[in-house]
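Please load the model in your viewer and keep the selection tool at hand. The stops below say what to select next and what is to be found there.

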Amino acid sequence: MNIPFDNTYAQLPERFFAKQAPVQVPDPKLVRINRELATTLSINLEWLESADGVSMLAGNTIAEGSEPIAQAYAGHQFGGFSAQLGDGRAILLGEIVDSNGARKDLQLKGSGRTIFSRGGDGKAALGPVIREYIVSEAMAALGVPTTRALAAVTTGEKVLRQEGPLPGGVFARVASSHIRVGTYQYFLARNDNDALRFLADHTIARHFPDAAENENPYAALLDSAITAQASLIAHWMSLGFIHGVMNTDNTAISGETIDYGPCAFMDTFHPQKTFSSIDTGGRYAWGNQADIGLWNLTRFAETLLPLISEDSDKAIEIAEASLARFPEQFNSQYVSRFRAKIGLPAEAPMPLIQETLDLLASQKVDFTLFFRHLTKVAAGDSPETITSLFSDKEPFEQWFAKWRNEADPANCLANMRASNPILIPRNHRVEEAIQSAYNGDYAPFHCLVEALAKPYSEQAEYADLEKPPLPEEVVCETFCGT
Ligand code: AMP
Ligand code: MG
């Protein structure tokens with residue numbers, strides 16, 4: 001076998017999915033392959049890069065061992081519940097146990113209609129494929145749990161989007177699993193407790209095997225998911241990342257970031273920043289993400305109640321106690337990440353974190369650049385560069401005096417370097433890569449992916465990518481692209 005498939009989700013009861021092959025496309029062409037990832041998945045690289053491999057990546061051929069399915073799920077989208085969403089433009093080809101013994105899903109996104117497509121065409125334009133490739137790989141290099149990019153291909157056909165006809169693409173995604181809060185909600189909405197138990201047992205075996213040893217494995221599953229989300233969202237926020245569509249169908253139980261639609265890394269900091277064109281109410285703003293995480297986890301807890309205890313009062317009591325631990329878990333992760341960014345020792349008073357963020361917000365300072373320059377100051381550079389980020393020097397000088405007093409640069413420098421990336425996928429660069437790809441030039445895309453593979457390292461050749469956008473380059477809005 002060119003891909004060592006070992007499928008378990010397809011063995012679950014038939015109501016978990018629909019068997020569905022990807023649709024044929026006219027002219028598959030490879031845009032990029034993630035060789036390193038392919039290697040850890042023990043995929044035959046020579047084959048993957050050949051016409052046969054590219055044909056598989058575009059959905060035109062089904063590799064030996066693959067059992068293509070579209071997964072069923074439901075979800076709350078911007079607070080409103082849909083009892084049936086499902087893979088409308090994605091196909092799970094199968095699972096692979098990687099060289100570390102971890103089970104991974106291999107999924108094609110943009111591979112045609114399924115029974116879950118509703119009004120959609122099941123396709124993806126090349127732009128969102130490029131975006132997900134860049135941002136998911138950057139997230140992985142930044143150390144954030146995330147789905148990965150195995151490959152991007154073009155299909156040789158146009159897809160119709162608001163902007164007009166656009167080149168079509170297919171994205172090959174690798175994930176620890178595609179089990180979402182919405183997968184559980186799908187079965188709760190159907191009062192299908194047997195399915196919920198199958199799904200929970202599958203999730204425990206796959207992601208949280210320790211929970212199986214607990215006297216109440218399903219309560220332990222909830223606790224594990226809570227811990228994973230608390231840590232994930234704190235990690236996002238420490239990098240200025242805004243997911244953009246934290247719907248329950250885009251919340252993976254594994255604790256990986258999934259679905260890079262209208263996501264963005266902030267340039268200038270503001271806690272209420274949103275980018276998504278459809279997030280008009282600011283529901284998924286940077287500073288709301290922890291609250292939304294808890295809201296999503298509460299929806300998850302509801303699905304587990306029948307499994308946690310037959311006595312519904314008792315089940316609610318257990319679930320509420322678990323959920324009540326989320327704010328504390330999130331806070332401790334958030335504080336420790338920001339302490340590290342600022343260079344504060346563990347015992348330093350906490351107010352400086354909020355004061356730092358207030359200062360950045362009030363003067364519209366670039367988030368990444370501020371921490372990058374602060375790290376340089378901690379390493380002994382003159383504060384000139386960081387001072388220049390502030391239009392009103394006085395509040396900065398006051399903050400800086402406090403920082404000198406409370407921070408411990410000598411002992412915290414390694415932590416600062418490990419927490420403050422030099423490079424992030426800036427929106428204007430991602431946009432540039434997308435627009436160039438539409439014009440047939442993939443150089444900016446490849447350049448970004450290569451630079452972002454080492455976001456914490458000094459790479460003089462990529463110094464340009466550190467720069468925030470010029471006023472005319474600022475991207476104010478991002479789109480789902482579906
Ligand atoms: P998303 O907001 O991208 O996570 O997608 C939400 C739902 O819409 C999922 O059920 C998707 O499968 C479905 N969907 C998104 N785009 C398309 C498309 N082009 N064709 C069919 N279904 C889609
Ligand atoms: Mg989604």
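A residue is called buried on this tour when its relative accessible area is under 20%, exposed when that area is over 50%, and partly exposed in between. The model is a predicted one, and the contacts described below should be read with that in mind.

**Helix H6**

Begin by selecting residues 193–207, the 15 residues of helix H6, which reaches 21 Å from its first C-alpha to its last, close to the 21 Å expected at 1.5 Å a residue. Colour its buried residues next: Ala-195, Leu-196, Leu-199, Ala-200, His-202, Thr-203, Ile-204, Arg-206 and His-207.

**Ligand 1**

Now move to ligand 1 and display the 18 residues that surround it, the closest being Gly-86, Gly-88, Arg-89, Gly-122 and Asn-250. If you colour this shell by class, two of its residues are nonpolar, eight are polar and eight are charged. Taken alone, ligand 1 exposes 480 Å², and 88% of that is buried by the protein.

**Asn-420**

Select Asn-420 next, in the loop between helix H15 (409–419) and helix H16 (427–438). Is this residue buried or exposed? Asn-420 counts as buried because its relative accessible area is 4%, and the cut-off for that class is under 20%. Its side chain reaches the backbone oxygen of Lys-341 at 2.9 Å, and the side chain of Asn-420 also makes a polar contact of 3.1 Å with the side chain of Thr-375. With neighbours within four places in sequence left aside, the residues in contact with Asn-420 are Lys-341, Phe-371, Thr-375 and Tyr-456.

**Asp-366**

From there, go to Asp-366, which sits in the loop between helix H11 (351–362) and helix H12 (367–378). Asp-366 has a relative accessible area of 6% and is therefore buried. Show its side chain: a polar atom there lies 2.9 Å from the backbone nitrogen of Leu-369, and the side chain of Asp-366 makes a polar contact, also listed at 2.9 Å, with the side chain of Arg-426. Beyond neighbours within four places in sequence, Asp-366 is in contact with Asp-267, Thr-268, Arg-426 and Pro-468.

**Two positive phi values**

Finish with two loop residues, starting with Phe-78 between strand S4 (75–77) and strand S5 (80–82). Although Phe-78 is not a glycine, its phi is positive, at about 50°, and with a relative accessible area of 29% the residue is partly exposed. The other is Asp-259, in the loop between strand S11 (241–242) and strand S12 (264–265). Asp-259 likewise is a residue other than glycine with a positive phi, here near 70°, but at 10% relative accessibility Asp-259 counts as buried.

Technical notes: Residues are numbered from 1 along each chain as its sequence is written. Chains are lettered from A and ligands numbered from 1 in the order in which they are written. This is a predicted model: local features need pLDDT of at least 70, side-chain atom pairs count only at pLDDT 80 or more; totals for chains, interfaces and linings use all residues. Side-chain values use heavy atoms; hydrogens and water are left out. A residue is near a molecule or strand if one of its heavy atoms lies within 4 Å of it. Accessible areas come from the Shrake-Rupley method with a 1.4 Å probe; for residues, only the protein chains shown count as cover. Ala, Val, Leu, Ile, Met, Phe, Trp, Tyr, Cys and Pro count as nonpolar, Asp, Glu, Lys and Arg as charged, and the others, Gly among them, as polar. Helices (H or I, at least four residues) and strands (E, at least two) are DSSP runs, numbered from the N terminus. The expected span of a helix is 1.5 Å times one less than its number of residues. Buried means under 20% relative accessible area, exposed over 50%, partly exposed in between (1.4 Å probe, protein chains only). A polar contact is a pair of N or O atoms within 3.5 Å; within protein, one must be able to donate a hydrogen and the other to accept it, and residues adjacent in sequence count only if both atoms are side-chain atoms. Contact means heavy atoms within 4.5 Å.
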